[in-house]
Amino acid sequence: MSFAELNNKSIDIRVDNEIVDSIKVHSDLMQASLKNLKWTINAALANGWKIKKGDLFITGTLSEELQVSKGRYIVNFADVSSLLFDVY
């Protein structure tokens with residue numbers, strides 16, 4: 001997924017299939033995320049980590065702070081990709 005694919009689209013966060021937040025992606029948000037990603041990759045390499053294709057780097061939040069509780073979380077990146085995880 002590229003930043004260009006997300007520009008001017010929405011990222012929805014669902015808990016147990018209920019939308020709890022929706023973020024409109026814009027260029028400032030994308031630039032901040034890219035800056036954070038570059039820093040994270042450089043820090044990982046500087047500390048001797050090996051980065052492989054398919055590795056996932058989470059650089060920070062795109063939304064306001066969410067209170068985490070039990071449930072199934074789905075983050076839908078404008079129908080380009082999604083992330084699903086369960087909290088027990």
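## The sheet

Four strands form an open sheet in the order β2-β1-β3-β4, paired antiparallel. Strands here are DSSP runs of E, at least two residues long, and helices are runs of H or I, at least four, numbered from the N terminus. Two strands pair if DSSP finds at least two bridges between them. β2 (18-24) and β4 (81-87) stand at the edges with a single partner strand each, so one side of each has no neighbour in the sheet.

The model is predicted: local features need pLDDT of at least 70, side-chain atom pairs count only at pLDDT 80 or more, and totals for chains, interfaces and linings use all residues. Residues are numbered from 1 along each chain as its sequence is written, and side-chain values use heavy atoms, without hydrogens and water.

## β3 and β4

β3 (residues 71-77) and β4 run antiparallel, joined by seven bridges. R72 has D86 in β4 as its bridge partner.

## The largest pocket

The largest pocket holds about 1100 Å³ of space. A pocket is an open set of points on a 1 Å grid over the protein atoms alone, where a 1.4 Å probe fits, with protein on both sides within 12 Å along at least five of seven lines; lining residues have an atom within 4 Å of a point. The volume is the space filled by probe spheres set on the points, which are joined across faces, edges and corners.

The lining has 34 residues, and F57, I58, G60, L62 and F77 are the closest to the pocket's centre. α2 gives the largest share of the lining, six residues. α1 (3-6), β1 (10-15), α2 (27-46), β3 and β4 each supply at least two.
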